[in-house]
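Hi,

Here is the structure I promised to hand over.

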Amino acid sequence: MNTKINSAKPVIKFDRNEFAGAFGDIGTDLPLLIGMIVAAGLNSASALIMFGVMQIFTALRYRMPMPVQPLKAMAAIVITQKLSGNILYGGGLAVGILMLLLTLTGLIDWIARIVPKVVIRGMQLGLGLQLATLSLKEYVQADSV
């Protein structure tokens, strides 16, 4: 019995399932991008082009389309804290460098093994609640009849 794992990168495929998934991602990514553009005063063309380029880059690197997950966390922080574009750029650069170092050293796999999924889910829930609270306080107008 051969237990050797095939480590070759899979061939990139683009079928109807991938096409449908791309439109599913637009439903979550586009509102976050628009919120960040408005909240931080970003140049909309630059933000959208860079997001698209990074989507293509990650798909080519990992041989699968994948959402740019740090976008969701950064968007929640930028929108709820009303951070400026300069802070967003610096934060993006810092996160990018950190992720590159973690990936190149293999530490990202170690972190994935030791951090319980409940911690990740808790952070996702906290960011979601922060966005929901902000929207209820500032964007949903109360009927005062």
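Predicted model: local features only at pLDDT ≥ 70, side-chain atom pairs only at ≥ 80, totals over all residues.

Below is what I found, going from the overall fold to single residues.

First, the ground rules. Residues are numbered from 1 along each chain as its sequence is written, and side-chain values use heavy atoms, with hydrogens and water left out.

Overall, the protein has six helices and zero strands, in the order α-α-α-α-α-α along the sequence. Helices (H or I, at least four residues) and strands (E, at least two) are DSSP runs, numbered from the N terminus. Of the 145 residues, 17% count as buried; buried means under 20% relative accessible area, exposed over 50%, and partly exposed in between (1.4 Å probe, protein chains only). Among contacts (heavy atoms within 4.5 Å) with a separation of 6 or more, 66% are between residues 24 or more positions apart. The protein exposes about 11100 Å², with carbon and sulfur atoms supplying 70% of it (Shrake-Rupley method, 1.4 Å probe; for residues, only the protein chains shown count as cover).

The UniProt record (unreviewed entry) annotates "transmembrane region" at residues 32-57 and 87-112; its positions are in the numbering used here, feature names are shortened, and annotations may be inferred rather than shown by experiment. In the model, residues 32-57 are 88% helix and 0% strand, with end C-alpha atoms 20 Å apart. For residues 87-112 the figures are 96% helix, 0% strand and 27 Å.

Now the surface. Phe14, Phe19, Phe23, Ile26, Leu30, Ile34, Val38 and Leu48 make a nonpolar patch of about 810 Å². Patch residues have over 30% relative accessible area and no salt bridge, and nonpolar side chains (Val, Leu, Ile, Met, Phe, Trp, Tyr) are joined within 5 Å, like charges within 9 Å. A salt bridge is a side-chain nitrogen of Lys or Arg within 4 Å of a carboxyl oxygen of Asp or Glu. Helix H1 (residues 16-40) gives the most to the patch, with six residues. Phe14 sits in the segment before H1 and is exposed, at 62% relative accessible area.

Also in H1 is Asp29, which is buried at 3%. Leaving aside residues up to four places away in sequence, Asp29 touches Phe51, Gln55, Leu71 and Lys72.

Lastly, Gly128 lies in helix H6 (residues 117-139) and is partly exposed at 39%. Its C-alpha is 7.6 Å from that of Ala76, 52 residues away along the chain.

Cheers
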